[in-house]
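This briefing is meant to be read alongside the sequence and the model below.

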Amino acid sequence: MKRRNFIKESGRATGSLLFSSGVLFSKTITPGDPVHNIPVDKGLDPAWVRALYERGAATTYLKSKNELKYIGMPAGGMHAGTVYLGGDGRLWLWGIYNDEREGVDPKTILWNDGTKEVKVRSRDGANYVEPTIADNKRILEQGFAVKIVYDGKTIIKTLNENSFDEIKFEASYPVATVHYIDEALPVNIVLKAGAIFIPLDADNSALPATVFSISIENKSNKNVHAEITGWLENGANKLTATDNDGIKRNTAIAHENYTSILGSFDATKPEAAQQRDAGTTCITYIGHGATINTNAQPYPVDVDFFGQKKDEASTINPGEKLTGSISISKHIEPGKTVESNYIISWHFDHPLSKKLNKLPEIKGGYYYGKQFKDAHEVGAYIAQNFNRLYTQTLLWQATYYDSTLPYWFLERTLLNIGTLATANTYRFADNRFWGWEGVNACEGTCTHVWQYAQSMGRIFPSLERDARQRTDLGIAMQENGGIIFRAEYETRPAIDGQAGTILRIYREHQMSSDDTFLRNNWGNIKKAVSFMLAQDKNGDGMTDTPMENTLDAVWEGEIAWIVGLCIAAAKAAQLMAEEMKDISFAKTCKQYVEKGSRNMAEKLFNGEYFIHRPDAVEGRKKLGAYNTCHIDQVYGQSWAWQAGLGRLWDKEKTMSALRALWKYNFAPDVGPYIKTHTGGRPYALPVEAGLIMNTNPHNEPRPYGDNVTWQLGYFHECMTGFEHQVASHMMAEGMTDEALVITKAIHDRYHAAKRNPYNEIECSDHYARAMASYGTFITACGFEHHGPKGYLRFAPKWNRNNFKAAFTSAEGWGAYSQAKNNEQQLHILTLQYGSLLLKTISFDNLRDQKAKTVLVTLNGQEVRASFKEAEGSIVIGLSKGVRIKAGEEIQISIS
């Protein structure tokens, strides 16, 4: 590939390019007949595949291997802009200034697709091909340094990669760990950093702040004196202020429990106070005895720097830097460790993007702006509640990673929820949740994209419930029940978005403590379902009305992935109707499911996989999947496993379809394929593995229709959200090897040596669909939950005889484990947070014989229970139900 160059005029179109629907493709796409060239034999080393199951250790990136420069972990709270934690522990990017440009690093580059050079913008994968380097985006000066006095010597170290022989970055989420290694030092220095992140607590997980915890261990046999200094540049009006607009001000604030320096801007012009970067920043030390300097000069970081002190306020002209520092001293005895905690916070309550003008909510500002008046109040709130907030954050991290599942798998399936902690999402003052598809690209919390995401609905279900009730069933709902797929930004529904939203509604009901959400919204839910059912014009249970879908086109005919998704949605609607005692509507939905499942298996299966049957009149004139192997062909069944809907249609045909996807679409090296199948965006590059969106394995002529359009390029790409969806389905069906290989392929594509491991890119950065990754964790655990019914099920897909994993429920979260010995199987649920109502619990029978007795105990006290067996499962009923509280444990022993 030719050297790739940046183009300074970001986003400028040329005559040879088409920017339809925001996608970069050639104007003159010709169908052609490139030969299918994905090998059937994947050539995978069996030992490598076996190693995917191993527990391993946290993924660790090293300075010595040049693996730190791209790392950017979203380190702030949800919906509070994009602040990255870098590989050496410093913050960078600072996307907190309400920038309306697309991407975390807006740019356009040149990329050679194998046949020619094309322009690639942020939404086309520029940051995939040319990843942003941390040192190029250090908008604000921020850092920490330590001074060690030991055995008559004074050693000063800045916590960055230039000061240490080695740095190790443990890439967990939400808190990362950075080890600073210098064998000549008498101490070990470790930094932990990240946002407050507490599942089910959407408010406290949305604080615009990063917490730093620095520990210093004295590994010598002598006393050590240590000083730690943290500093932060005043970031107020950083981008727009001129000398005539006012002055920067740093103000010291002392409290008995903490010390802060607030960075603000004294505007002399009214318009300066309304700029998108008007706001405040703050550094806070939690504790007492700190030394403050409101006008620190951190470069060079030397002995004099540590001795600086200035308590009174400092001011400076806008064009100059004003930095504040807070220092503390610690005496460390041999073998002991001291810990110091800092908070970096920000507050820029100006949603001024012109792209948001259709949203009346922007006038009220952000949710965090309603809670706190400035960055100091944010830091003070965290400091005063630190033991609770940070302890619960670390408790979730410990609970999630204390598992028998592989570390790398746990990391990859969770970390995409960091998308919520970027400028991809907003939470406005009236509590409305709203999101792009990718950062500042494709507006409107798009139903046909966001319906793939599984993590937010499981970890922060209140946000999803609000989006369903306020937007999908409110703002976006048409009189006929259609849900406009971009709400204020569109005028029509998308059929896959409609079905996916109905499925999400059922998931949101399941993740509720009672039936209030379902009952309050049933009228509009029923309208939405009726609209979807009405798109089956010939009454065979297979949607056939041409409508928009997530591939940005209107397809004609009966399309397996859309038909199946609507069947799954009708099944969810049937179950909701039954709960609402709406017997007639439940019957209507049930009949749709039965007809659709039967006809889909009979008429849309080509003997190997599911297809797109052309419209009887239009034929194959327009773009479509037709007889090709499409990534989402059994997506409806995939969703069914996420929502506990059970088997919808023929199992063997579903398995055959998944095997076909593996056979025809998984490329161990995408290079040969994308070289011959051009027009797609670069989300996977040569020598990288991936699951191709759509392939023509039988080399049919004109496989995608007679008159293809620019959307054809999608078919030749690897998009992680779709790949995660397939992996989660394969996991649910017991194809664990294939599921892990696909997930590991994504994990390896986003290795820190290549690009930012925390940023899965599709149409711009931190793409929402990538949150489908958590679905693979759900199916690996075989997890099902229905909060109002008090129902919980676990059916792990491997390590069934010795398994442990975290779980979240409607009102609480904790850890689950199961084990089998010669005489019995033991299941333990330990609740760490909130509460959990249990009435029915289901597990796999781990033995080849019927269960004889079941003993249930809560905190050692027996609970009256009954049980039954069905289809390899043991279902346990608790006659009166039990409510488990945080710190309590329930054990089920089956003999």
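In this predicted model, Asp402 is partly exposed, with a relative accessible area of 39%. Its salt-bridge partner is Lys804, and the closest N and O atoms of the two are 2.8 Å apart. A search of the whole structure finds 50 salt bridges, while the number of disulfides is zero.

**Salt bridges between separate parts of the chain**

- Lys804, the partner of Asp402, is likewise partly exposed, its relative accessible area being 25%.
- A second salt bridge joins the side chains of Arg486 and Glu437, with an N to O distance of 2.7 Å.
- Because Arg486 sits in the loop between α10 (461-475) and α11 (495-510) and Glu437 in the loop between β25 (433-435) and α8 (447-450), the pair ties together parts that are 49 residues apart in sequence.
- Both partners are buried, Arg486 with a relative accessible area of 10% and Glu437 with 4% relative accessibility.
- Glu688 counts as buried at 4% relative accessibility, whereas Lys754 is partly exposed, with a relative accessible area of 33%.

**A salt-bridge network**

- Six residues, namely Glu464, Arg468, Asp472, Arg504, Arg507 and Glu508, are linked in a network of salt bridges.
- As a general point, side chains of opposite charge can pair when their charged atoms come close.

**Nonpolar cores**

- The largest nonpolar core has 268 residues, and those with the most contacts inside it are Phe169, Ile189, Phe460 and Leu838.
- Helix α13 (residues 560-579) supplies the largest share of this core, 15 residues.
- Apart from this core lies another, of seven residues, which include Tyr84, Ala134, Ala423 and Val439.
- Phe460, one of the residues with the most contacts inside the largest core, touches Met78, Ile417, Leu420 and Ser455 among others, when residues up to four places away in sequence are not counted.
- The residues that Phe460 touches also include Phe197, Ile198, Pro199, Leu200, Asp201, Ala202 and Ser205.
- In soluble globular proteins, nonpolar side chains tend to be buried together.

**Cysteines without disulfides**

- The structure holds zero disulfides, and in the case of Cys446 the closest cysteine sulfur, in Cys442, is 7.8 Å away, which is too far for a bond.
- Cys566 is in no disulfide either, since the nearest cysteine sulfur, that of Cys589, is 12 Å away and a disulfide requires sulfur atoms within 2.5 Å.
- Cys446 counts as buried at 0% relative accessibility, and Cys566 is also buried, with a relative accessible area of 0%.

**Packing of α6 against α7**

- Helices α6 and α7 pack at an angle of about 130°, and their axes are 10 Å apart.
- This angle makes α6 oblique to α7.
- On the α6 side the contact is made by Trp396, Tyr400 and Tyr401, and on the α7 side by Tyr407, Leu410, Glu411, Thr413 and Leu414.

**The surroundings of Gln510 and Gly787**

- Gln510 lies in helix α11 and is buried, with a relative accessible area of 5%.
- Leaving aside neighbours within four places in sequence, Gln510 is in contact with Ala643, His785, His786, Gly787, Pro788 and Ala810.
- Gly787, one of these contacts, is placed in the loop between β32 (784-786) and β33 (791-794) and is buried as well, with a relative accessible area of 6%.
- With neighbours within four places in sequence again left aside, Gly787 is in contact with Gln510, Ser512, Ser513, Ala810 and Leu837.
- Gly787 and Thr709 are 78 residues apart in sequence, and their C-alpha atoms are 45 Å apart in space.

Definitions and conventions
Residues numbered from 1 in each chain as written. Predicted model: local features only at pLDDT ≥ 70, side-chain atom pairs only at ≥ 80, totals over all residues. Heavy atoms only, no water. Core = buried A, V, L, I, M, F, W, Y, C linked by side-chain atoms within 4.5 Å. Buried < 20%, exposed > 50% of the residue type's maximum accessible area, 1.4 Å probe, protein only. Helix = DSSP H or I, 4+ residues; strand = E, 2+ residues; numbered from the N terminus. Contact = heavy atoms within 4.5 Å. Salt bridge = Lys/Arg side-chain N within 4 Å of Asp/Glu carboxyl O. Axes fitted to C-alpha atoms, helices over the stretch in contact; angles between N-to-C directions. Parallel < 35°, antiparallel > 145°, perpendicular 65-115°, else oblique.
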